[in-house]
Amino acid sequence: MMHLLDKLKEAPLRWLFLALILNVFGLIALYSIGINAGELSLSSRFFKHLLWLVPSLAAFIFFLAIPTKIVHKYAYLAIGVIFVTLFLPYMTGPVAGTYRWISLKGISFQPSEIMKWIIVIALARYLSDYNLKIKNIRSLVLPIMLVLIPAAVIIKQPDLGSAMIVIAPIIPLLYWVGARPLHIFVLLAPILSVVTAFNYYSFIAWILLVAVVLYLSNTTFKVKFSNFFANIFIGLLAPILWAQLKPYQQERFLVLLDVSRDPKGAAYQVIQSQTAIGSGGFLGKGWGEGTQTHLKFLPEQETDFIFSVIGEELGFIAVCLALFLFAILILDLIRVAYHSSERFSSLILIGIAALFLSHIFVNVGMTINLLPVKGLPLPFMSYGGSFLVSCYAMIGLAMNMSIETVE
Amino acid sequence: MLKSEIHVPVSRRNIAYGVVTILFAILVAKFYYLQIYQHEKYQELADFNRIRPVTIHAPRGQIFDRNGKVIATNRSVYTLSVIRDEMGDENREFDLIARYLGMTRQDIEANLNKYYRGRFLPAMVAREVPFDKLSLIEEHRNTLPGVLYSRFPVRRYPNSTEVNASHILGYLREISREELDQSESSDYNPGDFIGAQGIEKQYESRLRGLKGSLFQLVDALGRQMGSVKDRTPIFPLPGEDLHLTIDSDLQGFTEHLLLGKTGAVVVLNTKSGGVLTMVSKPDYPLEDFASFIEEDTWMKYVNDESKPLFNRTILGLYPPGSAIKLISAIAALERGIVDLDWTVECSGEYHYGDRTFGCWREEGHGTVNLLDAIAQSCNVYFYRLIQKTDLDTWFHYAQLFGFGENSGIDLPEENRGITPNKAFMDEKYGKRKWSRGYLLNVVIGQGDVLVTPIQMARFIAVIATRGLFIQPRLLVEDNFSYEGDEAVKVSLKETTWDFIHNATFDVVNSTNGTAYSSRISDPRIAFHGKTGTGENPHGDPHAWFIGFARKGEETIALSLLLEHSGTGGSSAAPLASQIVQHYFGIPEEVVTSR
């Protein structure tokens, strides 16, 4: 087992620096929010966020130091434990009408937050333990169940956003271990069948595309036939699925298509966020000068919409810089994963990259109305202690996995 | 266990790179679109969010009389408005407002419907909020987001007990929806006041000034966070102060003189045409119209059968009676139709065709010449005189003195009356369907002839100055003068003017004169006039007196009409005499010398 310092020497320290720089972006925004509110005390969110760096770095070191073998060994146990905790909120009672949080003695904790990356580890283990005939579609069933069951529980909490994030890494992971493009297509097809079913013509076009792809594919007639009709069936189910959504969730999807449909309700956050970002322009309004931010037009500005604060006060320049840093981090994770010859480590790196990417894309996409409003935080920037801790933990784990362990 | 290896093909890695790059490129593209391409649009939206323009109403111009005495000025009332977009729980807030102001929910909602212009604009829900109730609102401001109050100027009439002048000033009322739609100026908003009558309407654009704006910085809850630093407030431009030619002392005196009567008085300065006094009775107290007019107050005046809102001086049409005989006399002298020695034997009646026309004095005037005929107002003389000429000759001279035309006074509406000529008669009765006997009616100011009191005042004023054709006016214009080329003259022979002056002097000052009882014994004052009695099929005749009086360099002309009051000599002339004496400052005891 390698010594921690040796590990630090070998591991790509640049990931930590990227994380810290992005963290500074968040602190700059939080400082600005606090400065005008006249609340830059020790209890302000700026200082709290700063203080959370302590446990964050502790988690970072812990996951950097932990031997890969241990991670591998306890992956299933961990997912089992966390799976059980998903049900704990039903015992401690609802918080804000949902069962997302375990609330004990004033400390609340969201099990799905941890589930996100435990699933990545468990999937990595499964996909590395069994060098299955991954090209066979039937061998995909087990890992998919591994993801879908926790996701189903999380949807029920209800927390659609987290459930989607839990599902997200499976596609890149399967892809990474060599799933055929057709299989990825078959996996993604039902989702698109649901989405396109909102419009008659888009659905027809989509089903035609499915037919063409399946026809050209190199599978049995049975597979082609069952897939084709399964997609039509799912598409026809779409209205029923739609009816399952809560009205506020439906509104958030509809707002994507037309921001003006409900300016005081579902679209309010999106309109104010776009206004903040758009009015920031190229150079921004200046640090501490964002009117949308300081006059509180921008909602959830410390958490979900913190990137809008950057956009408003520091402008397009800073937005590009932050996005560039995020992109570098993710691309570098993929690069290292590619060079890693160890299947387990490589898969964990890809999983972590997928987790970061989905958070970034969903969060930032939400601030500019590319995606519906989902309460997903932005890594390193959004205020929120436990999420910051998990982000640093993932950086630690990623650096840990980047080191070739030759035993 | 951990020995399993992986060898990802480079193409797979590159596809992964590609997907990540594309996703980030999509984000950057959308940011570019928002921050660079649509920056201005969002800049405006952000400003719209943070800046709340608050209207500052311009104080309306004050109105003064000729001596600088204020007759209309302003005071502030508070109005309460709501911006619906900034309100929290509307229901709760409306209930609170209703409770604090002692109003009903219905009242508040009715106002809201009336003044609503959009979610983001203030809509007035209560007007003339007393200060103690306003402070209740202020105390609970934190629970009432989106509720704001502002000052609103309304009229105050500081001297209304002495001088009312309601028909001159007119009043203000809230602008109607139709006017808002038609108005070219976008400066009017629902709830704004607009001049509805009189000077307030005539000089609306000069009196109202220009609204200003304050730019308040507001937060998302609509709370005021100070003023916007990068926008300077636009201060309102006060309306222009106007000075009227009115002599409020004489105006007030005349108003009291006519108290309880129905009639009209116009007093003109013969040199400038300035209206010294303009009274129409009954009138309405200005105070009732000073601020927001209550519906029932308004209906009370509208439905009043004595028509207090109707300005009789410029809109009332009356047969002029004998006062118009002066036109025939002028025509006769100018055209040489008769001379001063031509006489008529008045027996009290005159036969024309199969009809009999009476003189007002049934026993007759005996032998009268033109001078006697005017002083004693003999009808028969004029029946005979008019037989020697035709309607269009009479019309020519009537028109020369402004009959049948608007006087051009600076008030929003005016009635030009009817002055018949041949064409008019042909039109009305058909060609050759009317006889020359009709002339007998016209010459004594009956029949189709209808005039307004202001036309009569101008007529006698032109006589007073021997032809200066003044235009009656209420506004003092700085560089206005009738001197020089601007002056329009009615040119008659000097002998004609001399005669008319003599005749009108005799009406008042000769023992036979119809207004002899109203003469003014003070030798410094030369008082001329002509009485008239406009026959009225619906009741007692209307009494007229028109005249002018000179003291030193100053000459005033007046017309006075009393509806259904008998003869001009007995009821109109004495009041006219009192007005003249008051104006020239003759002590009370002399007044009673009749």
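1. Let me begin with burial: of the 407 residues in chain A, 46% are buried (20 or more other C-beta atoms within 10 Å of a residue's own, with C-beta atoms placed from the backbone). Please keep in mind that this is a predicted model, where local features need pLDDT of at least 70, side-chain atom pairs count only at pLDDT 80 or more, and totals for chains, interfaces and linings use all residues. Residues are numbered from 1 along each chain as its sequence is written, while chains are lettered from A and ligands numbered from 1 in the order in which they are written.

2. Chain A holds 19 helices and two strands (DSSP runs numbered from the N terminus: H or I of at least four residues for helices, E of at least two for strands). The C-alpha trace of chain A spans about 70 × 60 × 45 Å along its principal axes.

3. Now to the contact between the chains, which takes 41 residues from chain A and 32 residues from chain B (residues are in contact if their C-beta atoms, placed from the backbone, lie within 7 Å). On the chain A side, H17(A) provides the largest share, 11 residues.

4. In chain B, an open sheet of three strands runs in the order S1-S8-S9 with antiparallel pairing (strands pair if DSSP finds at least two bridges between them). Strands S1 (51-56) and S9 (224-227) of chain B stand at the edges with a single partner strand each, so one side of each lacks a neighbour in the sheet. S1(B) and S8(B) pair over six bridges, and B:Ile51 has B:Leu217 in S8(B) as its bridge partner.

Notes
Buried ≥ 20, exposed ≤ 12 C-beta atoms within 10 Å, placed from the backbone. Contact = placed C-beta atoms within 7 Å.
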